[in-house]
Amino acid sequence: MSPRPAGPTAPTAAAPPTTLAFVESPVQLLNVLEWAHSAGATGPAGGLTVVVLSPNDPMTRGQLRRMAQLARDEGLNVRWEEARGGAAAPFQTIGGLAGALRAADRIVIGDPFSRYVQLLLTITRARSLVVVDDGTATMEFVAQLAAGERLVRWHRRGGRPGVRDLAFAPISSSARRRLTPGGKRTVEIFSSMPIDSAPAGVGITSNTFAWTRERFGPPRVSKGADLVGTSLVETGVVDPDRYVEAVRSLSRAHGATRYFAHRRESAEKLHRLAVETGLQVVRPDLPLELIARRGPIGSTILSFPSTVVHTLPLALAGTEVRVAVCDIDPAWLTENASPRAEGFLSGVTGTARDVHRLATVASPPTPQGITATA
């Protein structure tokens, strides 16, 4: 029996690009969700797989597991990698991802400074790269990319490169080249940070936290103030005694009752804060943007210079919540703080939109009024 002649072939829809997103923190995963929502990459047809390069820190792991479930609820494929679970873990993780990396059309990353991510970038052939926010470090990344500088976290700048830095330099240089647009390679930055200019060819897309606002809230707004913690002590930038005194003075001046801890703050420091300030220390199980949007939240959120002074006004748009930021006094900086620290922190505050500026807390404390800024 002769085969039946083939009829006209119906046109088939182009397959969506295969996208791999690599995240190492809850905020990065939140911003991947925001990007996917903006780009229409949610759901099984979106072609997006989120790879969680899990850290060892228990607080970060807990928040990442909660965020991973939210991503699955959005229809995304989530691949959890114990990327730091022993000496052999990095080799096993990279080996297991090599095939997917080579096949991916698009790569989304949350931390271009991560050595893990930089190593993965040397394997991929993807022509489309997207960088989502990993906090205020995005501002520094854009500046370094534009200047053609090596990628170094802001709080480490000014120090002499160590042996590991020198050994890793060729990989870091290769990653920076891949993060530079050229030929058929495109680079997009999806950010809620104030980026006034970017290197030629780098696309900028604003993150307005539309997914967060659609999925959560509006929150119940309570009286009083909440204070947001920072890990500036843990990174060696701010003196711990000065920090505790600043938190005590700020909370008393503005009637704060709760302290939302940063996931990297040490248990010892948090215990000291609770004892010496009387604040209720809260360890959030999700990024603060989601916690605040779900509520209840204070009518004023107090913060030192950090990512939240840029993200919370967006996540809480349309509510009555006011975000206020207190500058870091240069006297609080440790002797080991990077020479870049003072200028960077001042820039974080100065570029924040829709926040109120607070005078730097002095010791002994002198209550100050809140002055609105544009």
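## Note on the parallel sheets and nonpolar cores

1. Strand β6 (residues 186-191) is joined to β7 by five bridges, and the two run parallel. Glu188 has Gly203 as its bridge partner in β7. Strands here are DSSP runs of E with at least two residues, helices are runs of H or I with at least four, and numbering starts at the N terminus. Two strands pair if DSSP finds at least two bridges between them.

2. The model is predicted: local features need pLDDT of at least 70, side-chain atom pairs count only at pLDDT 80 or more, and totals for chains, interfaces and linings use all residues. Residues are numbered from 1 along each chain as its sequence is written, and side-chain values use heavy atoms, with hydrogens and water left out.

3. β6 and β7 belong to an open sheet of seven strands. The order is β3-β2-β1-β4-β5-β6-β7, with parallel pairing. At the edges sit β3 (77-81) and β7 (202-206), each of which pairs on one side only. From one strand to the next, the twist averages 20°. Helix α2 (residues 58-73) packs on this sheet and touches β2 (48-53) and β3. The direction of α2 makes about 155° with that of β3. Axes are lines fitted to C-alpha atoms, for helices over the stretch in contact; angles run from 0 to 180 degrees between N-to-C directions.

4. Thr49 belongs to strand β2. Thr49 has a relative accessible area of 18%, so the residue counts as buried. The cut-offs are under 20% for buried and over 50% for exposed, with partly exposed in between (1.4 Å probe, protein chains only). Leaving out residues up to four places away in sequence, Thr49 touches Thr19, Leu20, Ala21, Asn77 and Arg79; contact means heavy atoms within 4.5 Å. Thr49 and Arg79 are 30 residues apart along the chain, yet their C-alpha atoms are separated by 7.1 Å.

5. Val50 comes next. Together with Trp35, Val50 has the most contacts inside the largest nonpolar core, which has 47 residues. Helix α1 (residues 26-39) gives the largest share of this core, six residues. A core is a set of buried Ala, Val, Leu, Ile, Met, Phe, Trp, Tyr and Cys residues joined through side-chain atoms within 4.5 Å. Beyond neighbours within four places in sequence, Val50 is in contact with Ala21, Val23, Leu29, Val32, Leu76, Asn77, Val78 and Arg79. A second, separate core has 33 residues, including Leu101, Leu129, Met193 and Ile195.

6. Ser172 is in helix α6 (residues 163-178). Ser172 is buried because its relative accessibility is 12%. Apart from residues up to four places away in sequence, Ser172 touches Gln118 and Leu151.

7. Strand β8 (residues 221-228) has two parallel partners to look at. Six bridges link β8 to β11 (residues 297-303), with Ser222 paired to Gly298. Four bridges link β8 to β9 (residues 256-260), where Ala225 stands opposite Ala256. With helix α8 (residues 240-254), β8 and β9 make a right-handed β-α-β unit. Right-handed means that, with the strands pointing away from the viewer, the path from the first strand over the helix to the second runs clockwise.

8. Last, the whole chain. There are twelve helices and 14 strands. Of the 374 residues, 50% count as buried. Contacts with a separation of 6 or more come 71% from residues 24 or more positions apart. The chain exposes about 17,100 Å² (Shrake-Rupley method, 1.4 Å probe). Carbon and sulfur atoms supply 51% of that area.
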